[in-house]
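Welcome, and thanks for taking a look. Please open the sequence and the model side by side, then read on.

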Amino acid sequence: MPLINPPDLLQRLQHHLGLLVLGKSEQVKLALTSLVARGHLLLEDVPGVGKTTLAEGLARCFSMSFARVQFTADLLPSDILGAQVFLQAKGQFEFRPGPMFHQLVLADELNRAPPRTQSALLEAMSQGQVTLDGVTHQLPAPFAVIATQNPLDLAGTYPLPDSQLDRFLLRISLGHLAPEVETQLLMSRRADPLAGFKPLADAADLVALQAAADAVQISKDVAEYAVRIAAATRAHAEIERGISTRAVLSLMSAARAIALWEGRDFVTPGDVKLIAVPALSHRLLLKSSAQGTFARDEAAHLVGELLRKVPAPR
Amino acid sequence: MNLAERRTLRLRLRDLAAASSFAAVALSGALPIYVSIVFGAALFLSLAGQRPFERHPAWSVVVLLGLAVLLFGLAFRGQLDLVVAAVAFATLVTGQRMLSEPTPSTDQQVLLASLLLMTGAAALSGEIWYALCLLSFGVFACLSLGMTVVEGPIERDEELPLAPVMRQVSIGVALALVGGVSFFILFPRLSWNLASRRTGPGLLGGTTGMTDRVRLGGGGDIKTSARVVLRAKIEPRPTAEKLEKYWVGRHFDTFDGREWRGTGQPEEPKPRVMLGDPSAAIIQRIELLPAYGSRTLVGLEHPVYFGPAVALTTSGAMPANLIKVGSEEVRIADDGNAYTYTAQSRDDAPMREDDPQVLEALRRLPPKIDPRVSELATRLAGSATDPEQIARRLEQWLRNNLEYTLELPGEVEDPLADFLFVRKAGHCEHFATALAVMLRTRGVPTRVVGGFFGGERVSDRYVVRAGDAHAWVEAYSPARGWVTFDATPDDGRGSRPQVLIAKILDAYERLEELWRSRVVDYSLIDQWTFVRELIRPPANASRQQEDRDERPEPSTRTPTRAILAALAAGIAVWVVWQRLTGASARRHPAADFLTALERRLDQVQVRLREGEDIERLPERLRREHHRLAEPVRRASRRYLEARFGGRPLSKSERQALLDALTAPRNS
């Protein structure tokens, strides 16, 4: 395992990616955090704001193999996982791995695929392996999925069930660029921004970062704080169903990864606060029947409100 | 629990609170019966879920206004006490509100009206029952209000977990009660009850037959009543468990054929009354309890002196004057719930009467008397001429030949003849009357004495029960003065209470006494006494000293008890505070550093913004290029490490970090 300085490496990666995805340093930070926490990332946004660029940039940064799958209504599980193919020459079946067998997979417009395909993907995400015809194939490590969803265009989509949303560590949205950043982009952008994008680290560095995140300690007070937040979501009047224990676990692993940015080997309440909205808001089932962007904003708002209400240890 | 169940529960609790306050008023016995009936009906309907006024609010108000006019008309004309009228109206308002539309504001109106009832009841009665009603009103009203408050933020069809909510509300109620009691004990008491209209003798009423006349006829259950009417400490202390002595209350001198009465004239009130020579007398420290229900002083036979009396009134203990009425009785001049006084008696030296006119009056027979009475007396006296001897013979005959009974239904024309010749059975008053009248026919001056016979030891005192009430005769012998004769057979003397009932009543009396002395009559003086005894306990707090009722000499010992009590109170307050604040009990050592850090930041004009904490502050300061950005970052970082990273902070390091904030700019 390479010797790394996590905060330094993370800062450099953030800066590096910032050259590619302009004016989105916060989202870049969260995306990197998600990778370091071994999580999968859900990007929810309108098309054309750089979701694919960010995903591919992340893969390039770490010199990871990358595949993009455009999810459509007729996409089948075998299209992403791979299939047994009969080889005439050898006279036998052979497994042809699908795009899933890459280190970073971009599942574009995940909610356009039928539930069967979605769940095939989600199984791979949670298990880190794929089982086909009774044979289990290990996925490459490190492995991460970045899925995108268009929150506005809901016609002909299969919204992800809550249990499946739960598998994404963080949900972020990029949003439109600030006018001055957009101007800068128009003036500087060449044909393919990714063409000259050089890796900064390799997959081993990512594994090292992940190990460093695992070593981050959580004190009892901070754990209790997280539990209080979870309990508050469960007791809130406007929330139909609060977050699960798995969600609290996810919250804490994201908080561990965030702590690395400061070079700390322990989690502070501030880390939890920082990560709570992207880590929790997509897991809440609200009472109001709002959908799309509005529901997203409302959930984020509710989590923010809970963070203000639940007293942090001090 | 869903909306409908919640509502039912809330209304039940509210109705129970209202019922409690109504009970407090009703137990005072002052409320007109029709108001009670109306409220009872309203309560029944409300508990049954019927609310007829829900649809006709206007009509009910009209009816209520009519009743208000009626009640206050009665009060104005003096047929109803004003307070009672007000309480009656509050009762009706409570009932009307209970039957109206059950909104939270209606609940509050019901509870408010109930609170008024509670206040009114305090003016009408201060019994221990009032305390119980007050307690249950407090509990039910708090729970009901708690339900209303919980109701607020809950959606219509949301389920409410009742147990945790009720647990929290109950803890609150318990704390409030404890707080109320502490306030009561600790806060200097003012004599707040100016109305002073409390009924005296408790729920069971005054029970003795100690009236200014004794009417023959009828029976009664007084013999089985175990209520304690009198308690006495006797000095020198008798050894007997059962005292079996006569306690003299009052004398009756005139009999009209049906009833005995006294004809003496009251004298001027004075603090002490001397009836004879008090040397070598038996000293009694007597308490007349509220159950006594009379103001006549009682003393062991024969009382020679009644000492300074204290009346326990609603505004505290007051010295009371005594009035001597002829040679009949000594009574207390001022009204009170209970009295204490000293009596001195001599059983060895009978009293003498020298006035021939008085003696003549005591030979007077009723205007109509059955001739057989006189014949019987003559026959029984036989050859005896000495008044004492005659009396002894008559007494013996009555004891041996007539039956004791309490079952004497109906009124008869001539109770004395009926007793002697028809039924041949009667109770103590009959025996006493027969003996007295027959002796008078023989020219012996007699008088009937009303009082008690008995006395039973309870710890260091003797108690006398209502059932011990008795009547007997004193006959005048020129040689020996007044001599006591008791014609009642032995089984008719003393009380015959049932043991279990006696025990229950004893407990009730004790409770009631506690309530009176510790709550109703608890005054600033009592508080002061309590504190003084705590600080300076009596030098020798042994039994004998208490018995002698001497004022304890101020001791010079260190107030150990006071220090211990203060210590215990301090610890209790600290524990409660720790429990309430919770978090500070497990205060992390680094938290002190944070407090110091925040104070230091405040000194150097660095303020946290809304929603900002010490963890986020350095970032902002860095953006603002604040001169303290770096030391603040270090301090914040170090705090977080100490607090959440398990790297404790040494004192010197802590001081260095703090000092860096106030150090000169260039350092």
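Which residue just after α1(B) takes a positive phi? It is B:Gly29, with a phi of about 75°.

## About the model

This is a predicted model, in which local features need pLDDT of at least 70 and side-chain atom pairs count only at pLDDT 80 or more, while totals for chains, interfaces and linings use all residues. Residues are numbered from 1 along each chain as its sequence is written, and chains are lettered from A and ligands numbered from 1 in the order in which they are written.

## Chain B overall

Chain B holds 20 helices and 20 strands (DSSP runs numbered from the N terminus: H or I of at least four residues for helices, E of at least two for strands). Helix α1 of chain B covers residues 3-27, and its 25 residues reach 36 Å from first C-alpha to last. That is close to the 36 Å expected at 1.5 Å a residue (1.5 Å times one less than the number of residues).

Of the 667 residues in chain B, 36% are buried (20 or more other C-beta atoms within 10 Å of their own, with C-beta atoms placed from the backbone).

## A look at B:Pro303

B:Pro303 sits in strand β9 of chain B, residues 303-306. B:Pro303 is buried, because 27 other C-beta atoms lie within 10 Å. B:Arg346 is 43 residues away from B:Pro303 in sequence, yet 6.5 Å away in space, C-alpha to C-alpha.

## Where the chains meet

In chain A, 13 residues are in contact with 12 residues of chain B (C-beta atoms, placed from the backbone, within 7 Å).

How values were computed:
Buried ≥ 20, exposed ≤ 12 C-beta atoms within 10 Å, placed from the backbone. Contact = placed C-beta atoms within 7 Å.
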